[in-house]
Amino acid sequence: MGEGTAPRTLFDKIWDSHVVERLPDGTCILYIDRHLVHEVTSPQAFEGLRMAGRRVRRPDATFAVADHNVPTSDRSKGIDEPESRLQVETLESNVAEFGVPYFPLQDARQGIVHIVGPEQGISQPGLTIVCGDSHTSTHGALGALAFGIGTSEVEHVLATQTLLQKPAKNMLIEVQGRLPFGCTAKDLILAIIGRIGTAGGTGHVIEYAGEAIRDLDMAGRMTVCNMSIEAGARAGLVAPDEKTFAYLNGRPYAPKGEAWDRAVAYWKTLPSDPGARYDTTVTLKADEIVPLVTWGTSPEDVVPITGAVPDPDSETTEARRAAKRRMLEYMGLTPGTRMQDVAVDVVFIGSCTNGRIEDLRAAAAVAKGRKVAGGVRAMVVPGSGLVKRQAEAEGLDRVFREAGFEWREAGCSMCLGMNADQLKPGQRCASTSNRNFEGRQGPGGRTHLMSPAMAAAAAVTGRLTDVRELVT
Amino acid sequence: MQPFTTLTGIAAPLPIPNVDTDKIIPARFLKTIKRSGLGKNLFDAMRYRADGSEDPDFILNREPYRRAEILVAGPNFGCGSSREHAPWALLDFGIRCVIAPGFADIFYNNCFKNGILPIKLPPAICDALMEDAKLGANARLMIDLERQVVVRPNGEEIRFEIDPFRKHCLLHGLDDIGQTLAHAAKIDAYEAKRRAAEPWLFA
């Protein structure tokens, strides 16, 4: 893409404005504006810098927080588990040595890195944002080009503030019309993944557009962009608009005063030009979406809550039939079982997908005045200390506690089971997280992905439940 | 990084679609601050039974595949997380080349940073290579990166495509950071321009 007069997409514009140099084969040195760092994928990168005698080029553009394996129970006495403690201590000594800003565990600003970035105003339209975590796609909700990288690239960004990249292809997903009652951003993105598959977006950056996307609040847009990676795309984007500006205004790291006005003027130039070309276009009708749950071990295995466990024999190839049979065996499900008859053992509400205040409000609205079903363990893990504080100010913690939910400290928690929050083998979980892979929430654990309201509904009935039957 | 030029070795068949990074290396093994030592937990859930013993049905627990250096895999291999622990675990086990009909973007990229060659080939060709990989002691493939060919046990050569820059780096075991820093003056100039235009992004 040149910088001439040809109409450009939002992605093209951000890309073009960040190319430091184009190498002969088309690989670009791409400038990175914001680098988020956490404890799991950074130790080897800092070690690499140290061994090469390099420094962090821009500590002021780098932000660190521990989230993946921090405990979500009382942590006033530090971290019990020796390996987790070592990883967090290693991060703390690295940020001290290299001068990187850090939100410590005791700081209210600590939380899941993808909740913290937008919350602090670190993530802004038109920026390039990277992190050693695939759910970095979340920040695309603000109109930033944000994607996950491996640890070697973390080291590359720390040392050079750039990455070697080739431009991705442009995919437009247009969601027309309005989401029906009971459907949320989570149902929307699950519907998209169900439609295009987990490799559907490979090689692409997805721009989400259309009335249903414009209608979403910023939290909903973050939920959608978050799971772009589950559709195979490294990044998802939503064009910045007045909602984006209102969300950012006044946040600690957002520009202020005259700088704010200049920034907004620039941000308004970012949306895709009329006639901009996309390599792939997908159209969905929002009014056809119903509350969804996953039944298998890939995020593309979605089914309406009113539906049943599918039959592997309906697949077209033997490889696919074998894969689906393996999934059903792992999930302990039989074809034809109504999804609403599937009983759950655990409910997890949280994660970078659905750990924001809006998600907790939606779950609390269902939990209010009800009780967690007998034998079910239900936990709420706010996405950050500030989300937790806000929820407590609104009395949501009381709603959850009175209903029998655990109210925990911020972190990634049972989304990936790196800390003590894990499923036991065979346990079935209604989860607001992003991946239902085998063993993701603990060895042998069985995950059904869904929205926060649907997870809360499962908690109070003890089975997968159509939330539309509980709320009016 | 160890250069990749040619590789002749045992190819193990793993005909499963969407092998995700949690399957390659579960999150609970990511609590390390080193790159090495992850090979023992490669494909942990498939490789070991609940009591910790090896599952003899899993391909990499069988001879000659314990010594596999090449993996022939299903579509969308490496989907999921960005964890570089996935290629580190493969490398630590001894795998230096993965052949599949498709890879997830981040995993694909991470391979090149660690001297692992991911080769994308059409599904029908992968099916043929999958059959080759089932030949036990004869499941040997030869990879020649310079010539961009996979040589089958029957001698047939299959050409593959690879990005020229990545090929160059892999052939010579080049460190990306050193190469990028050769352009440091360009980065300085770019940064100065941005600092003038958007000073609020700089502390």
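Two residues are taken to be in contact if their C-beta atoms, placed from the backbone, lie within 7 Å. By that criterion, the contact takes 55 residues from chain A and 45 residues from chain B. Helix 5 of chain A gives the largest share of chain A's side, 6 residues; helices (H or I, at least four residues) are DSSP runs, numbered from the N terminus. That side has 20 nonpolar, 24 polar and 11 charged residues, where Ala, Val, Leu, Ile, Met, Phe, Trp, Tyr, Cys and Pro count as nonpolar, Asp, Glu, Lys and Arg as charged, and the others, Gly among them, as polar.

This is a predicted model: local features need pLDDT of at least 70, side-chain atom pairs count only at pLDDT 80 or more, and totals for chains, interfaces and linings use all residues. Residues are numbered from 1 along each chain as its sequence is written, while chains are lettered from A and ligands numbered from 1 in the order in which they are written.

I turn now to a helix pair. Among the residues of helix 13 of chain A that meet helix 16 of chain A are A:Ala363 and A:Ala367. This contact divides into 11 nonpolar, no polar and 1 charged residues.

What does A:Leu188 touch, not counting residues up to four places away in sequence? Its partners include A:Val175, A:Leu179, A:Cys183 and A:Ile289.

Finally, the axes of helix 13 and helix 16 of chain A are 8 Å apart, at an angle of about 30°; axes are lines fitted to C-alpha atoms, for helices over the stretch in contact, and angles run from 0 to 180 degrees between N-to-C directions. The two helices are therefore roughly parallel (under 35 degrees).

Note on methods: Angles under 35 degrees count as roughly parallel, over 145 as roughly antiparallel, 65 to 115 as roughly perpendicular and the rest as oblique.
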